[in-house]
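Here is a short report on a two-chain model. It starts at one residue and widens to the contact between the chains.

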Amino acid sequence: MTAPWRTAVFEGAGATLWWDLGTGEDGVDVWDAPRAAGWLDAVPREMARQVALDAWREAWWPGSRIADVAPLDPRVLAARRATALAALDGVTDDDAAVERALRELAAHLARLGPLATVGPRPTVRPGQDTASGPAGTSAANAEASTEATASAEIAALAERVRELADDHGVVLAAPAPAEAPQPEDYALAARGGPAGGAPLLEGSDPVDPGAVPQGVVDPLGRIAWQVRLSMTIEVTVPAAPVVGAPPAVPLVAFALPADGTPVTGPADGASAAGPGGHAPAPGTGGLAVPLRRRGDVWRGEAAVGPDVLARRPRLGLRVPGFTPVLGVDAARLVEIAREVGP
Amino acid sequence: MTAETAGTAPRAGVLAAAWRELGDGVAPLSNAAGLPLARTTKLVLDPLVVRPAQRPHLGRALLDGTSARELRELVLAAGDDLRATAAWFALMKRERRARGITAGNPQDLYFQRAYELAHRHGHPAQDAAAVAGKEVDDVHDADRVTAADLRDYLTTPAVADAVRRTIDEAWDHRVPPAAAQGPGTVSARPDGTVGASPGGTVGASPDGTGAGAAVAAAAVGVVAGAVADAAVVGAAGCDGGRVAALLDACVVDGQAELAALVAARDGAAAGAALRAPGAARAAGMSAHDTPRRPEVGTRASKSALPAPFDRSVLERLFGAISALELDGTAGLRDVVTAEARRSAEPWQLADEAHRAVLTAGSVAGLLDGSTDAARRLEARWRREAFVRRALRLPDGSGPADGAREAFLRRLWVRLQGRELRGAPLAADGVWDLLDGAMRSTILDRRDRVKAGLTRAGAGPGEAVPTGPAPGETGLGETGLGETTPAGTASGDTAPGSTAQGSTAPGGTA
């Protein structure tokens, strides 16, 4: 198959369908021909493609303040996937795929509140001022009729999944959350200036979206760092815009190997101190800065040794337990998102 | 991959084509592409129309021309029944909605009843709504035995004593491991099987690595010890060649091979071998060195179940009891007594065919590439590795971390569930069971990782599932559904750890 990060996958009974969203190629991996014979020629590819695309959006949609790509609502994606999977009941590899999607939806609803409170579907607005309104309610400048249509779509979707849940004995009724889902302020916050005088050394390195799960950092952001006179390094990374509370992920900035080889395995998180703590950093190779998300920025600092000045570090991100997906092209990701749509 | 050869047709393709010939009348049983729903096939088409248990030649994955024609004609001949079933099902759903019932999956609960109604009444006519309503009421009859009833029953002192005695009696009279072996395996083992020794010290060597691996190794010509793995001890004491033959054949057919295993009682021998010290623990079926007699039980929680052999009678039954649609104490007593006796059987299963399947699963779960089934199960993990990256999920997709043991536990739950329901093992059942158990083991792990990522306050690291996942509880095993709610990663407990946060069975009491 193709590069995982740009591949939309449909797991059918006996055959896996895939679409390379980067090249437009698609293919079928038949792994059990007699089983696949029950549907492969009878099901329109487009039905399977919609399921695959929504799964791809959930995983890779590059919500970004920098590129002005509004985040997608996980409730809408899960609801759409559940209904599309129901249309393919008996065709999916997983006989319980609909229930699974409904349970995911139920978990999102419990976290974010009912689907009916969702605003119009966020859209990609290329070239628009980044200081526009928050996701979900960002259609303020859009046509009111578009908004009404989108709301009607959401209402229809909510009704459809309610029936679907009834038909599968899944309870969707979520207790109203203590507070309504608060889409984060989609606008870029004013950058806090560095404290503590002029830095000894500073730099910034690109984010590798494949190194972190969805919804953690802005895929087009840069890892900005400064080494100060106090021999501490401060790191900031723009966070990914998300609908609702951001996932709590133990994000760590660390020094990439000097030779530029990509990190292939889950980096050892043991050297990372707890949030706010200072990890011992004898050299850039051991440099690990735990980051905390505050609003739209991840920030953290750690002590560094003098050798950091001798050899300029190159920083990357890691999440303990998460194996990086290699070769992700953030700019291409945004292009694909604009082609695929929300 | 079995190539489709001239003169054969894939069964699934024949069924799909025949189904589409039935037309719009079966829409309530079909998906948007006009194909049968998963449960239509599993609950109606296969068991009630095709009935491969009675017509084994129609159960194969590939059919010859004659069988393909017969299958098509069977489906078309059942057309009126199926259209009437669809109409009754739609009516039952309407009545369900009118009554505000939300419990259970309507397909699981109503499909077979709708088929019965179709048989009894033909197409719905006048009074149909009332008839359908009565049927719905009957399904959701409040007098049906529930998990809470089961608990009340088992915690009645006199009943608990009686069940305790039944367990003791059964365990006191357990067939010694050596005698559990069939006549075919004790003397004649031409292919180098490592069997139970006559003295009753069973095949699994005390260190839990030797004999079982040797069985598999001998069967496939691998150098003995190369595949040494504690997880295979379940296969000790049986004929590795026969097991391998089943695993090579079962994807397409395997009826003769299964029959051979059953006749030789290989499953009983392998199950009895688990009584050797350390063997059941190595297989993931018990936390104890030697499996103990089950408790009667006073509490059960589907999120905190011990390993299968360590489950109390209550824990073995509470998940499935309401689906058995028992009407009174007499039925309850029979089910409980049968379960008490089952616990003393090899593999703690009563049916030799089921023991054979579990034995085959314990070997296939090695994923050592030595049989067709093992290779296909292994391929599932390879596909999962790609899908995990495509879904941007933490990897953890290797079959390590107790996944084999989880697979075997899940397979046991499914087989025990079949015994409770008295479901016959159809011709194509072996591979469906093995493949289905591995699939849900993989998917439930994926679910848990996914839930961990979206849950605020939790890291994405995959909880290492050392104990039964919620889906291994037997809940939902009546149909196709698994019952692992998203975000129940905490449902994992180490085998044998004390159940914490237990709730009343079914949450009803």
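A:Asp95 lies in the loop between helix H3 (74–87) and helix H4 (97–112) of chain A. Helices (H or I, at least four residues) and strands (E, at least two) are DSSP runs, numbered from the N terminus. The model is predicted: local features need pLDDT of at least 70, side-chain atom pairs count only at pLDDT 80 or more, and totals for chains, interfaces and linings use all residues. Residues are numbered from 1 along each chain as its sequence is written, chains are lettered from A and ligands numbered from 1 in the order in which they are written, and side-chain values use heavy atoms, with hydrogens and water left out.

Why does A:Asp95 count as buried? Because its relative accessibility is 17%, and buried means under 20% relative accessible area (exposed is over 50%, partly exposed in between; 1.4 Å probe, protein chains only).

Two pairs join the chains. A polar contact is a pair of N or O atoms within 3.5 Å; within protein, one must be able to donate a hydrogen and the other to accept it, and residues adjacent in sequence count only if both atoms are side-chain atoms. A salt bridge is a side-chain nitrogen of Lys or Arg within 4 Å of a carboxyl oxygen of Asp or Glu.

| Chain A | Chain B | Link | Distance |
|---|---|---|---|
| A:Asp95 | B:Lys42 | polar contact, side chain to side chain | 3.3 Å |
| A:Glu99 | B:Arg39 | salt bridge, closest N and O atoms | 2.8 Å |

Across the interface of chain B and chain A, the rule finds 12 salt bridges. It also finds 21 residue pairs in polar contact, both residues at pLDDT 80 or more. Several helices of chain B give two or more residues to the side that touches chain A, among them H2 (38–50) and H20 (429–454). H20(B) gives the most, with 10 residues.

In all, 62 residues of chain B contact 60 residues of chain A (heavy atoms within 4.5 Å). The area buried between the two chains is about 4700 Å², of which carbon and sulfur atoms give 55%. Buried area is the accessible area (1.4 Å probe) that two parts lose on being put together, summed over both.

Chain A has 7 helices and 11 strands. Of its 342 residues, 56% count as buried. Among its contacts between residues at least 6 apart in sequence, 72% join residues at least 24 apart.
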